[in-house]
Amino acid sequence: MIKAILIFNNHGKPRLIRFYEYFAEDVQQQIIRETFHLVSKRDDNVCNFLEGGSLIGGSDYKLIYRHYATLYFVFCVDSSESELGILDLIQVFVETLDKCFENVCELDLIFHMDKVHFILQEVVMGGMVLETNMNEIVGQVELQNRMEKSEGGFSAAPARAVSAVKNINLPEMPRNINIGDINIKVPSLSPF
Amino acid sequence: MALKIVKGSIDRMFDKNLQDLVRGIRNHKEDEAKYISTCIDEIKQELKQDNIAVKANAVCKLTYLQMLGYDVSWAAFNIVEVMSSSKFTYKRIGYLAASQCFHESTDVIMLTTNQIRKDLSSPNQYDTGVALTGLSCFVTPDLARDLANDIMTLMSHTKPYIRKKAVLIMYKVFLKYPESLRPAFPRLKEKLEDPDPGVQSAAVNVICELARRNPKNYLSLAPLFFKLMTSSTNNWVLIKIIKLFGALTPLEPRLGKKLIEPLTNLIHSTSAMSLLYECVNTVIAVLISLSSGMPNHSASIQVSFSRHAHTFSLKYLGLLAMSKILKTHPKSVQSHKDLILQCLDDKDESIRLRALDLLYGMVSKKNLMEIVKKLMLHVDKAEGTTYRDELLTKIIDICSQSNYQYITNFEWYISILVELTRLEGTRHGHLIASQMLDVAIRVKAIRAFAVAQMATLLDNAHLLTGNTQRNGICEVLYAAAWICGEFSEHLEEPMVTLEAMLRPKVATLPGHIQAVYVQNAAKLFATVLRGHEGVPADSMVAQETSQLLIDRLPLFVQSSNLEVQERASCILQLVKYIQKLQQKDVEVAEEVTALFAGELNPVAPKAQKKVPVPEGLDLDVWINEPPSGSESEDEGRKSKGKAVFAKEESRHTKPRYTEVDEKELAKRREVRKAEQANNPFYIKASPSSQKVRRDGVGVEHIPVVQIDLSVPLKVPGMPMSDQYVKLEEERRERNKADKKKKKDKKKREKGEKGRRRRGDSGPESEEDITPAHMVDIVTEEMPEVGIYTWSLPHWTFSLPLSESTARHLNPCLFPSQKSSTHKKKKQKKEKKKKKHHHNHSDGAGDESVQNGTVEEEEPLPVSNQSPFTLSINPCPLCQIPVCDIQGNLQDGSQVVVSVIFENKCDSFIKSMEFNVLDSLNSKLQRPDGAGPHDGLIVPFQLPPGISNEARFIFSVQNIVMPQKLKGTLTFIVKTDDSSTHEKLDFKLHFTCTSYLITTPCYSDAYSKLLESGDLKGCSLKLEGVNQPFHHLLARICFHHHFSVVERIDSCASMYSRSIQGHHMCLLVKTADQTVSIDAKCDEPGLLGNVLDEIKLTFSQC
């Protein structure tokens, strides 16, 4: 079972959190901080496994993570999961993101947290792996997006126009956002 | 109305969407919290509107805020509203929010049941999918119960997308609502063979999770999984299955053999590292479970490990796998020692810690020094205190494991310990100290060296305590001071050490260390006196020493620590007195030394257990009245004022339990001694140890192996452990050379023969390395107060009897199935025998393992065999249906009586009804609704000459007393022309013996049981028994369900257990026709009755 999936950036800012077990909000934040602390001090060329933070899990649990450009993808899993299998799964997830967002970067995750969640839901469900075939995942996500569009969409055209009008009245609207919008480079690894 | 809609959409124009919110937060880095709180206010406004789009937008923003750590549970109801929107877009947002912030105690969840049910049956597969995904995160026991059926139907939905989600969510449902597992399982199993790989994978996932909780139940699925493993191409599925097999193989060894081949195929064919790794892991598990065929396959493991080692990230997993192999096949891991030592250099802490773990199991006498030397290097290099502390504990663990088994040179170990004290800021000073003490006490030969080292340590104490933050390590001084004091006779310059111990700086040490300092300063003082007295020129030195103590001790007298103060002032007065005597030229050394005479010996932690609790002493009983209750009452009364005196009086009248005069005590002691002398179960002190105790000095009696000191005990200067490594090598060389010489000699002597004896052994084997010092193994059996003296292995208990009797004698040694069939035949021949004992067991006999293999604490494999006796009053009217009775005991309160009905007459017997008159204690269990006096119908008819068996269950409350139950059997005898109603009275005799179950018992568990003191004793003497002792034992074993624990000559200990768990122990002794049985049991009544029955058995023969 996967107990939690955390995505945060190099500064520990959460970009997506998904707990498959209930923790109160403050505990969640604490877990993120602790995990970030554990993961961030490790070099890139050491192994991808960490044994237990104190907050989440215990001895049966491992943190398995990958670091892509500005983002850490951390999965907290118990011993029923294969370590390397999860590493491959993270790769599949990231590649899927890359396909859905077309060269995914941190900004995509920042502004479209909901979409990232919807993609993740097609990969992992309730802490168990639902699908590992990337084409299948992408296909389902696209079908659902198409359906959303046919319903008029959540951020459909009229709303966009309105939003544009709104923005005219907002002089402080930033022209360019200065964050490192480095694309997450997805290295080609062995296929899952 | 129209206006309202227009207004709504205009409002909406100015609503922020998620992107706006994120942007806003990023632009308000300084006052983020304030900005977010205004946003939350806006969201609250938005949630109040009717427009579902606005609400969904607000909920979406809340989901984001939840990620940032804001509690959004207040919006739970709005989330439910959004969930129930008819539009997929909003529904999806609603379910997402719910899955992020709902949990079992969210109360609105119960409102969602119908909504979810509706969504599950929606024609749109994505509505269903979204509902399933959401539900998987917040399913509660109630939801699981209500929706289990809906989800079950979805498992066979036409769309694979829904099927796989439904299959996967079933696991969550099982967790919350376990009752659903049984009905859903067949369908789940079916899904393993679903045409869609996604569904298949989901089913494998679920079953693997289930099997992880209880692998045994899923063994039956192994063939199915085996098929999947050879056919599937989905790596995830393969990994899961292979992991599952890894868990199953220990339970079913046959599986392992089958697995090896396909697994090796996979190992060689797959390109996915993850799959390869899991294959290797499972192969390891298989090999461990087979524990044979290792040589063939260890090669493949090594190959794959070296493949792992190439990739840095896989090192970790390789090490993990190694630790599994290490447990069973240390040899094959030891060959990778260098690789593992390399891993210690790895910059990754995860890998280093794993490698350390491995090292623990890898050391041998040969490589210990080398490994520890490497570790010491790492200790020096290691930054980060946690890792260094880990190293330190590992070094000590490695060295001290199994009683210092691998240490060949203790001087080396002491110097390692001393070197470790130079670590800054370690928390493990205490650990080092205890090791120093342990070694110095137990390895006598090392004491001189240890004392020298400790003296240096004391002299350099300022180095250790220089920094106040390095507190942990000053614990070492505790050990150092004690060793110097206790073994001060080995000190070369006691004066110097004494001076070092009384430096003013010592006062900054923690109290308990100071106390040891003070006490041991006194011991040193004694040594100094002894060294210098008698020689006139030296008397000055002795006096100076006294003066030193008198000068320095007041510092300690002022200590705030009570212990230090007390000892210091005591010793100060003593020294002052001695000084006075010295001035009068009186020789005092003898007396002073006598103060500390005798050696302090380590006592094993469990030694107290060996001291028997005197007869009649119940440690749990209050010696005085417990003070509770009355005190609070007292206070209550006192507060009232007047009642004080009244209370006082009543207190005086209370009997004083404590006041027993000396005479009385002495008398009691005498009685107790006499009792103990006669009591065979009392563990008497062996004469030697008694003497030892009287002498007060037990040391001489502890076997200490003399050492062959082939190493010079002294290494000049400060100890450097490296020197020892060299020395050790030299020593080994020398040993080897010696041995070779001897061998050559032998060879020459033996000529041709010698050549065949193990050639030239190549690398030195483990046995060749003789330790330089010996450790006193003082752990458990240290004070040899007395151990059970019967230590014959059970197997030697052989009898010159015919096979069949031998079987009866100890049913546990033989599969009792055979004996029962054998007996059956015999019994049938002996018709109308009144009493039948019959070992009946259906397969249970297989379980009754050989004696002594089962620990006592564990639930014993009860061999459900205990004969009942049935006395039948022969029926005068009819050709009797003979009843064989077999008893079957199930649990503490239920007894199963098997009755064999045999029709001995020529007529047909039918409509049998079995009835027993219940007693208060024993009741025949009748089906629900039957009255207490109704008979039970025997479910068969008997043609002439046929027998059949029926079982009846009795519930028994008290097993202490034997009892007889009266019963009747009514039946109809049908002849050719008529049928008559007949009745047969019988008695069921439940003897106490029949409540006993033959239970094997280990001799040590047995002696523990006796020592525990819960058992009450009773004894029995049988005169004029003139049968061989083994026959006698056999009889008791057979008739009374005992098993022999140990037997020595004409003395044997036996054990049995009642169905209610009473232990019963017998000690049977025989001497010229008299058999004495001493018995102990925690239930005296039961014991008495059983003894009576034993007596009866012997009186009948």
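**Chain A against chain B: what the terms rest on**

User: Why is the pair A:Glu148 and B:Arg92 called a salt bridge?

Analyst: In this predicted model, the side chains of A:Glu148 and B:Arg92 meet with N to O at 2.8 Å. The cut-off is 4 Å, between a side-chain nitrogen of Lys or Arg and a carboxyl oxygen of Asp or Glu. The pair is Arg with Glu and 2.8 Å is within 4 Å, so the term applies.

User: How many salt bridges and polar contacts join chain A and chain B?

Analyst: There are 6 salt bridges between the two chains. Residue pairs in polar contact, both at pLDDT 80 or more, come to 31.

User: Which element of chain A gives the most to the side that touches chain B?

Analyst: Helix H5, residues 134–150, with 7 residues. That side of chain A holds 30 nonpolar, 18 polar and 19 charged residues.

User: How many residues are in contact, and what area is buried?

Analyst: 67 residues of chain A are in contact with 76 of chain B. The two chains bury about 6,800 Å² between them, with 58% of it on carbon and sulfur atoms.

User: What makes B:Tyr517 stand out in the largest nonpolar core?

Analyst: This core has 140 residues, and B:Tyr517 is among those that touch the most other members, as are A:Ile2 and B:Leu359. Helix H30 of chain B, residues 511–532, gives the largest share of the core, 11 residues. Beyond four places in sequence, the contacts of B:Tyr517 include B:Leu458, B:Met501 and B:Leu509.

User: What lies apart from this core?

Analyst: Another core, of 137 residues, including B:Cys39 and B:Ile169.

Definitions and conventions: Residues numbered from 1 in each chain as written. Chains lettered and ligands numbered in written order. Predicted model: local features only at pLDDT ≥ 70, side-chain atom pairs only at ≥ 80, totals over all residues. Heavy atoms only, no water. Contact = heavy atoms within 4.5 Å. Buried area = accessible area lost by both parts, 1.4 Å probe. Polar contact = N/O pair within 3.5 Å; in protein donor to acceptor, adjacent residues only side chain to side chain. Helix = DSSP H or I, 4+ residues; strand = E, 2+ residues; numbered from the N terminus. Nonpolar A, V, L, I, M, F, W, Y, C, P; charged D, E, K, R; others polar. Core = buried A, V, L, I, M, F, W, Y, C linked by side-chain atoms within 4.5 Å. Buried < 20%, exposed > 50% of the residue type's maximum accessible area, 1.4 Å probe, protein only.
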